[in-house]
Amino acid sequence: MSVNIVAFGNERDVLSEDSQQSSLMWSYLRRSALISEIDSSPSAEHARSPVTTEYQACVFGNVRLVVHDCPLWDIFDSDWYTSRSLIGGADIIVIKYSVNDKTSFQDLKDSYVPMIKKALNHCSVPVIISAVGARKNAVPCTCPLCTLDRRSCVTTSEGAQLAKEFGATYLELHALNDFYIQKYFGGVLEYFMIQSLNQKSSEKMKKKKKTQKCHRVQPPQLEQPEKMPILKGEASHYDSDLHNLLFCCQCADVAFYSEDSSKVVEAHKVILCSVSHVFMLLFDVKSPADIHDPSILRTAQNLFAVEAGAGPPAPRGMPPCSVPVRVVVKDSVFCSCLSDILHFIYSGAFQWDRLEEDIKKKLKDSEKTEHVLEKVKCILKTPGKLNNLRDCRSHQIKRLYNTSLRLFFNTPVLADVIFTIQGATVPAHRAVLVARCEVMAAMFNEYLYTDSCCPEMYQVMRLQHICELYIITQLQSMPSRELASTSLSIVSLLKKAKFHNSDCLSTWLLHFIATNYLIFSQKPEFQDLSVEERNFVEMHRWPSNLYLKQLAEYRNYIHSQKCHCTVM
């Protein structure tokens with residue numbers, strides 16, 4: 001037997017200077033007296049998915065224990081299929097957070113707990129919510145009307161209320177020591193392990209008794225259908241695509257200049273505005289009244305100046321909007337590091353330490369380096385929040401960057417392209433289209449030189465894989481009764497998949513038809529399969545002709561013996 005534990009969330013104290021702080025699950029595995037044979041080497045799964053770490057060990061002597069530790073909630077945003085699979089295979093779920101990171105707790109409560117609830121789909125999987133760390137406020141106030149310690153710390157009542165709404169067990173672990181890990185957290189976790197093993201043992205006994213009820217001639221064994229082909233998706237190139245856009249400067253609509261009128265670098269409004277409210281003010285996406293933060297307004301006014309009409313005249317035949325807006329950088333030291341800062345922004349990784357190192361090498365002056373980094377913090381500042389180094393180093397910014405570009409999806413704000421689709425218009429941004437789609441990049445270049453373009457496939461393979469995965473997931477979730485009555489033509493879907501060269505989806509659909517042979521063979525659309533497709537389905541059909549023949553012979557035998565088998 002085995003027990004599968006899935007742990008979500010980052011319990012590391014963001015206010016702590018200890019960057020080597022052990023994780024909750026690893027601390028438990030090392031300290032528990034019941035755990036043995038721990039495999040802490042990086043697994044193949046971890047190598048393929050760096051946001052998930054897998055540990056394997058033995059518990060209670062010979063029970064296999066598998067732990068998946070997912071410290072980044074990004075897995076729900078970027079790979080929902082994997083996250084749902086992890087939850088579906090879990091015997092116990094552990095949700096952990098730092099009591100000193102109120103922002104992460106709020107995201108957990110508002111966004112990710114509902115996702116986990118939906119994935120569980122009313123399954124009775126025990127959930128442990130662990131609040132880790134000692135609150136940094138010296139004396140927490142117990143007055144219900146006081147909000148003194150509620151901005152930066154998560155209170156006990158907030159954590160307990162979340163556990164109550166989730167139907168989970170709530171634990172507070174003030175330190176990752178022997179008492180809290182081995183006796184407190186470990187005691188609760190091991191209780192749920194025993195419950196899970198008892199349930200699995202009971203289910204195994206029930207199956208065993210069921211197979212022993214009929215002692216006469218056994219019915220033919222129905223083998224499991226063939227495994228469906230696994231659809232392997234393409235890794236995301238989101239960050240690198242936007243970073244490469246800065247290098248090629250295609251569709252740039254902003255040109256930064258120094259005060260002596262020499263050009264520094266070109267950029268794109270939509271990318272800059274997706275990261276910073278300072279740039280939103282600069283390019284009139286938002287007004288000062290919308291932001292309600294005087295410090296952001298001061299940063300925009302003191303650091304940049306937009307020179308209206310100061311750019312060169314548009315070349316003949318090119319629309320005026322194609323001429324980049326000229327922005328003067330008032331701070332000469334900041335201007336000298338602007339290319340490094342833009343690489344930092346466009347990369348999407350927000351590697352603050354690397355930016356700090358690059359600027360130190362360039363300036364070779366600690367005061368000037370601190371001055372430039374402070375300006376970058378001001379540019380990245382969120383309205384109404386304090387500006388600190390912890391936010392700049394946090395993974396929260398990466399998630400904010402990846403999601404904030406969605407604010408410009410299907411809106412006319414900064415849009416410079418309009419698609420007309422069946423009478424409806426969809427605004428878009430050339431910079432994003434060019435960065436994410438090679439064919440779009442070639443098409444816009446071809447259009448600029450020839451005033452025409454030919455229809456082509458758009459070669460956004462990751463988007464195609466996501467669509468394929470969505471179709472497969474929806475079909476797999478349909479029960480047999482719904483498959484039999486649905487008006488959706490699976491054969492027509494198969495034809496469309498082949499027409500669009502979706503080999504993975506078309507192969508999967510053929511296996512799907514073969515696996516549900518008794519349903520689809522009764523539908524009129526079954527006759528639309530080609531000879532080659534029909535042969536494939538007949539060869540891989542489930543149940544097979546041999547099984548149906550053996551079942552008919554068994555039924556005839558039972559009838560001739562005039563006896564009744566409880567299995568039938």
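Helix H15 passes helix H16 in a right-handed crossing, a term for a near helix turned clockwise from the far one by less than a right angle. The structure shown is a predicted model, in which local features need pLDDT of at least 70 and side-chain atom pairs count only at pLDDT 80 or more, while totals for chains, interfaces and linings use all residues. Residues are numbered from 1 along each chain as its sequence is written, and side-chain values use heavy atoms, with hydrogens and water left out.

Two packed helices are described by the angle between their axes and the distance between the axes. H15 covers residues 352-363 and H16 residues 366-380; their axes come within 9 Å and cross at roughly 140°. That makes H15 oblique to H16; angles under 35 degrees count as roughly parallel, over 145 as roughly antiparallel, 65 to 115 as roughly perpendicular, and the rest as oblique. From H15, Trp 352, Leu 355, Glu 356, Ile 359, Lys 360 and Leu 363 meet Lys 368, Thr 369, Val 372, Leu 373, Val 376 and Lys 377 of H16, where contact means heavy atoms within 4.5 Å. The residues of this contact of H15 with H16 comprise seven nonpolar, one polar and four charged.

Another helix pair is H5 with H6 (residues 156-166), whose axes lie 11 Å apart and pack at an angle of about 10°. H5 and H6 are therefore roughly parallel to each other. Lys 102, Phe 105, Leu 108, Lys 109, Val 113, Ile 116, Lys 117 and Leu 120 of H5 meet Glu 158, Gly 159, Leu 162, Glu 165 and Phe 166 of H6. The residues of the contact of H5 with H6 divide into seven nonpolar, one polar and five charged.

The aromatic rings come next. Across the whole structure, a search finds 20 aromatic pairs, a pair being rings of Phe, Tyr and Trp (its six-membered ring) with centres within 6.5 Å. Trp 73 and Tyr 112 form a stacked pair, 5.1 Å centre to centre with 10° between the planes; stacked means planes under 30 degrees apart. Trp 73 lies in the loop between strand E4 (63-70) and helix H3 (74-78), and Tyr 112 in helix H5 (residues 102-120), so the pair ties together parts that are 39 residues apart in sequence. Both Trp 73 and Tyr 112 are buried, that is, under 20% relative accessible area (1.4 Å probe, protein chains only).

Phe 279 and Phe 283 also form a stacked pair, 6.3 Å centre to centre and with 10° between the planes. Phe 279 and Phe 283 are buried. Ring pairs link Phe 279 and Phe 283 with Phe 256, Phe 304 and Phe 334 into a cluster.

How values were computed. Axes are lines fitted to C-alpha atoms, for helices over the stretch in contact, and angles run from 0 to 180 degrees between N-to-C directions. Helices (H or I, at least four residues) and strands (E, at least two) are DSSP runs, numbered from the N terminus. Ala, Val, Leu, Ile, Met, Phe, Trp, Tyr, Cys and Pro count as nonpolar, Asp, Glu, Lys and Arg as charged, and the others, Gly among them, as polar. Rings of Phe, Tyr and Trp (its six-membered ring) pair if their centres lie within 6.5 Å; planes under 30 degrees apart count as stacked, over 60 as edge-to-face and the rest as tilted. Buried means under 20% relative accessible area, exposed over 50%, partly exposed in between (1.4 Å probe, protein chains only).
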